[in-house]
Amino acid sequence: MGRHFGNLAKVRHIITYSLSPFEQRAFPNYFSKGIPNVWRRVTSSFFKVAPPGATASISRARGRIQPTTRTINEHAPPL
């Protein structure tokens, strides 16, 4: 009778870990370390991401502009 409730089966090659629910913290140091870390990452990569994004946005907007008036070439031969 050496088997206790936690040792009912012996499974090979599977490792399981457990942590007490009293030791788990869902968002530890969220406001003190998380938000400043996000701000640091955004400001460090802003000048790497913003210029290509702005260039792409401007070129896309210019490509979507429809001409409002069409000019007719008066010197072209008739068809």
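Of the 79 residues in this chain, 0% are buried. Keep in mind as you look around that this is a predicted model. The chain exposes about 8,900 Å², and carbon and sulfur atoms supply 61% of that area.

What about the fold itself? Helix H1 covers residues 30-63. If those 34 residues formed a straight helix, at 1.5 Å a residue, the span would be 50 Å, yet the end C-alpha atoms of H1 are only 43 Å apart. Follow the helix along and you will come to a kink of about 55°, centred on phenylalanine 46.

Now for the aromatic rings. A search of the whole structure finds two aromatic pairs. One of them joins tyrosine 30 and phenylalanine 31, with ring centres 4.9 Å apart and 80° between the planes, an edge-to-face arrangement. Tyrosine 30 counts as partly exposed because its relative accessibility is 43%, whereas phenylalanine 31, at 65%, counts as exposed.

The other pair brings us back to the kink, which is centred on phenylalanine 46. Here phenylalanine 46 pairs with phenylalanine 47, again edge-to-face, at 5.2 Å centre to centre and with 80° between the planes. Phenylalanine 46 has a relative accessibility of 45%, so this residue counts as partly exposed.

Definitions and conventions. Residues numbered from 1 in each chain as written. Predicted model: local features only at pLDDT ≥ 70, side-chain atom pairs only at ≥ 80, totals over all residues. Heavy atoms only, no water. Helix = DSSP H or I, 4+ residues; strand = E, 2+ residues; numbered from the N terminus. Expected span 1.5 Å × (residues − 1). Bend = angle between axes of the 7 residues up to and from the residue. Buried < 20%, exposed > 50% of the residue type's maximum accessible area, 1.4 Å probe, protein only. Areas by Shrake-Rupley, 256 points an atom, 1.4 Å probe, with all protein chains shown as cover. Phe/Tyr/Trp six-rings, centres within 6.5 Å; stacked < 30°, edge-to-face > 60°.
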